[in-house]
Amino acid sequence: MSHLLETDVVVVGGGVTGVAVLRDLALRGVDAVLVERFDLGTGTSGRWHGLLHSGARYAVRDQESARECIEENTTLRRIAPHTIEDIGGLFVLLPGDDEAYAAKFVEGCRASGIPTEELSQAAAHRREPLLAPDVRLAFAVPDGGIDSWSLLRSMAADAEARGCRVLVRHPLVGAERDGDRITAVRVHDAVAGEDRTIGCQWVVNAAGAWAGEVGRMAGVPITMIAGKGVMVVMASRYVRGVVNACRKPADGDIIVPQHEVAILGTTSEQVDSADDISVPPADVDRMIDMCAQMVPAIASGRVLRAFAGSRPLYKAEAPAVGGEAGGDTREVSRTFTVLDHASRDGLGNMFSIVGGKLTTCRQMAEAVVDRLAERMGVTTPCTTATEPLPGADHGTHQVAGPLARVERDQAYGELICECELVTRGQVREAIAAGLTELEDLRRRLRVGYGPCQAAFCAWRAAGMLAEAKGDAAAAGDGHPLAGLERFLEERWRGQWATIWGDQARQALLNHAIYRGIFDLQGLGVPDEAAAALSQAGEG
Amino acid sequence: MRADVVVVGAGPAGLAAATRLAEAGRQVLLLARGNGFTHWGPGAVDVLGRVGGEPVDQPLAAIDRLPEGHPYHLVGREAVRDGLDWFSRFSAGAGLPHIGDPEHNRAQVTAFGTLRPTCLLPEPAAGVLQGRVAVVNVAGFRDFSPGLCAARLREAGIDATPASAPLPAWDHDRYFTGVELARAIDDAGFRSRLAPGLARAAAGADTVVVPAVLGLNRGHEPWADLQAQVGTPLVEAATAPPSIPGLRLFAAYRSRLEALGVRWQFGFPAVGVERDRDRVTAVQSEGASRVLSTHCQELVLATGGVAGNGIEANRDGTLSEKVAGLPVQGFDGRLAYLGPRFLGEHPLAAAGVRVDAELRPVGPDGEPVAANIRCVGGLLAAHDPTIEGSREGVALATAARVAALLAATPSALRGANLEPPGPPAR
């Protein structure tokens, strides 16, 4: 076992919370290393609907969360506009919905500081032409869309530019304790295939839904509730802004347009493990049927795929919240909690940050790093709320932005992905930056995300990987066609439960391309390790 | 409107059936929603490429190993042979000669460097990869990767090296698709500028693999001319859709159908039928803002399976035939449609209409549900064209069968197009 490095703080978890913690530490001049078991954003941060919360969803029952959301919504628009689509949102009242709830909703928003505007039926339809004709009333709120991978990359780049380090594919495997302190963490270098230690003064557990496992390795009990949410991806946007049902949160009450698709969400079910991301087909049907009440065109639309994510819900010791597996987890507050394991468990140098949600990731980081800094004797105040992220000078993300870019550069002939407007230049840059897997290209560039679901782009990108590798394009796992097969099978896992109608035709045509024309026989069976490494986020 | 026979669908089966029926003197109306599998396929005539996952050497002989109910069993081996013979004559007459022998499969090189088993290949794709092989792209054409192709060919023991030929100056320097490149290569001047660079990239090679883009509207002439200028055999590799060899073939069918006086309605899908007891009396199709009825004696459905849009796969696992509402065996819910691996087999691909030996659709009891509907090609149940590699073979064999069945039927409207067919289209 070799000693990898020494640092002041080890941050565990490469989701938005962990990366936000790393950036906060970097801005305060603290040396820190983040370790992540897969790639950045492969847990909950990559498996969600992409809603920048206004807080209105929590305005009736969870006003603490609602206030956190609207504060951070405003902050993120300032420091990370390039990751945000400023599309606004509506809460719509359908026949059968309770008008008394609408009144509570308006009052809750007012009390939480969320600006709302009541729209008449006609005004709502002018804004969202595909809304159901029987929508009676709507409230406009400052919801938005946010691209978590873009946010992750910006925060990580900022932290790295300030001297902190990010180690992906380094799962935590243990902690070395000396009395009441952790002296080092053990990680497994998945690429080199060996364990290493990182000597440290402090540990921040930001593993989200997996915080309990990190706690177990450190010897402290943390009870997380795995709250699974299923989401359905439709092949076009349908709506200009976010559309929510104005009722007590329930399955299938939100439509978030994102890039070229719309995401329908979500269920909220307690499951035994955060790694349970299976998609029950009945959930897909329910989501479509419920969302079609708000936007009827969804009922006959093309479903691209479905996926599930695991909410990082924290079960506090004292009051019994949450319930048995199978129960609804909507009653668990979406606010966050800092656990100081010194006072709580007698472990002197570890904090955990649990609960919360993507919209509040920066505030969560600030809260835990404030506590840590106090104990470390670091007096530099938090500046993450005012210091813009790299890329912030580009303004908010416009859905037509990629098209404008392609038109400006006259790069049509350079497109390798027509759905998501990804050019050969972008893929070349990503390959030059060291990406070797199609899955990584997908998270970076959205290759394979669009309505054709990789019928054309994946093999073009595989060709570019092959050209880049040259003679090194050998047989075995590193072979570009083996990588392509892994990619296709990984994509398929999220598709086959949602295929009928036009999408069935698309699937069989894609099959006729890959198996029929190109004669890929699927012999490069992805092994378990490769499948685990390529496990990735959605959304 | 009236027609003797209405053929619905312009894929490999509908085009062959319409042509053969018109050649037999029937007055034909061809209705099509849009382009069919000619535009999607690899540009080959697959008869039977694999049985049980294993490559087949003798496709006609291997028919015996197919399961009961397969379209080949219904029409018989002679219809398969007849279909292929007819196609060879037709394609040669149209300036697109195909090479191959129904008794033995051959290998078609693909853009991935795989060698897919097939039966007949258009001349430009039919060359054998001998000696040193150069895999050459035209610089800037994004749908072909010589590195990917050559890497796989080397694994198959072929001495292949990737190379690139410069793109001659033309008016599409920033933006071109395979179709545009193929159209440019139709031009003799462009070819003479392309040839020297291609020859340099091919220097020292015994065979040159190129993407299948060597000409669009002039048959195989641009390929032959370029090959003569380069001085080395050129072999076109199968690329992704749209298939340029398929576009060449489609154009040849279209010329032939026009010469035969076949009426052609493209972009107006058939949406229903009118019936009198067990006979269809008319086909309804979408017209400009209204539904049109065409009265007919016979209806030939060549609308394809689920992939071809002849059958709708519903959310609840039931399947609907989209023109005549013919019975189609459904599934126990939609999860049974597809297999757990994308590159594996998918039951839905083999779903279709069950027919009797005269290609008439039958109900669950095996009795025909209509006396004058015939089904051909991908619409038929009990075969998976992709997994088996049987698409064009089934299309041509069932078109041969339907031509034999319907040519003999006396026609009330005969005489409408009895003038002899014109010279072969080029």
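User: Is Phe351(A) buried or exposed?
Analyst: This is a predicted model, in which local features need pLDDT of at least 70, side-chain atom pairs count only at pLDDT 80 or more, and totals for chains, interfaces and linings use all residues. Residues are numbered from 1 along each chain as written, chains are lettered from A and ligands numbered from 1 in written order, and side-chain values use heavy atoms, without hydrogens and water. Buried means under 20% relative accessible area, exposed over 50%, and partly exposed in between (1.4 Å probe, protein chains only). Phe351(A) has a relative accessible area of 1%, so Phe351(A) is buried.

User: Which strand holds Phe351(A)?
Analyst: Strands are DSSP runs of E with at least two residues, helices are runs of H or I with at least four, and both are numbered from the N terminus. The run that contains Phe351(A) covers residues 350-355 of chain A. That is strand 20.

User: What separates the C-alpha atoms of Phe351(A) and Val203(A)?
Analyst: Contact means heavy atoms within 4.5 Å. Leaving aside neighbours within four places in sequence, Phe351(A) is in contact with residues including Trp202(A), Val203(A), Val338(A) and Leu372(A). Phe351(A) and Val203(A) are 148 residues apart along the chain. Their C-alpha atoms are separated by 6.5 Å.

User: Which residue has its backbone oxygen 3.3 Å from a polar atom of the side chain of Ser154(A)?
Analyst: Ser154(A) sits in helix 5 (residues 148-161) of chain A and is buried, at 8% relative accessible area. Not counting residues up to four places away in sequence, Ser154(A) touches His82(A), Leu389(A) and Pro390(A). The backbone oxygen at 3.3 Å belongs to Pro390(A).

User: What is the strand order in the open sheet of three strands in chain A?
Analyst: Two strands pair if DSSP finds at least two bridges between them. The pairing in this sheet is antiparallel, and the order is 3-8-4. Strand 3 (51-52) and strand 4 (84-85) each have a single partner strand, so one side of each is left without a neighbour in the sheet. The order asked for is 3-8-4.

User: Which residue stands opposite Ile84(A)?
Analyst: Strand 4 of chain A runs antiparallel to strand 8 (residues 144-146), and two bridges join them. The residue opposite Ile84(A) lies in strand 8 of chain A. It is Ile146(A).

User: How many salt bridges does the whole structure have over all chains?
Analyst: Side chains of opposite charge can pair when their charged atoms come close. A salt bridge is a side-chain nitrogen of Lys or Arg within 4 Å of a carboxyl oxygen of Asp or Glu. A search over all chains finds 55.

User: How far apart in sequence are the parts tied together by Arg286(A) and Asp251(A)?
Analyst: The side chains of Arg286(A) and Asp251(A) meet in a salt bridge of 2.8 Å, N to O. Arg286(A) lies in helix 7 (residues 281-294) and Asp251(A) in the loop between strand 14 (242-245) and strand 15 (254-258), so the pair ties together parts that are 35 residues apart. Arg286(A) is partly exposed at 34%, while Asp251(A) is buried at 18%. The separation is 35 residues.

User: Which residue forms a salt bridge with Arg256(B)?
Analyst: Arg256(B) is buried at 13% relative accessible area. The closest N and O atoms are 2.9 Å apart, and the partner is Glu23(B).

User: How many residues does chain A give to the contact with chain B?
Analyst: Buried area is the accessible area (1.4 Å probe) that two parts lose on being put together, summed over both. The chains bury about 5100 Å² between them, 61% of it on carbon and sulfur atoms. Chain B gives 54 residues, and chain A gives 58.

User: Which residue of chain B forms a salt bridge with Asp285(A)?
Analyst: Between chain B and chain A, the count is seven salt bridges. For Asp285(A) and its partner, the closest N and O atoms are 2.6 Å apart. The partner is Arg315(B).

Definitions and conventions
Polar contact = N/O pair within 3.5 Å; in protein donor to acceptor, adjacent residues only side chain to side chain.
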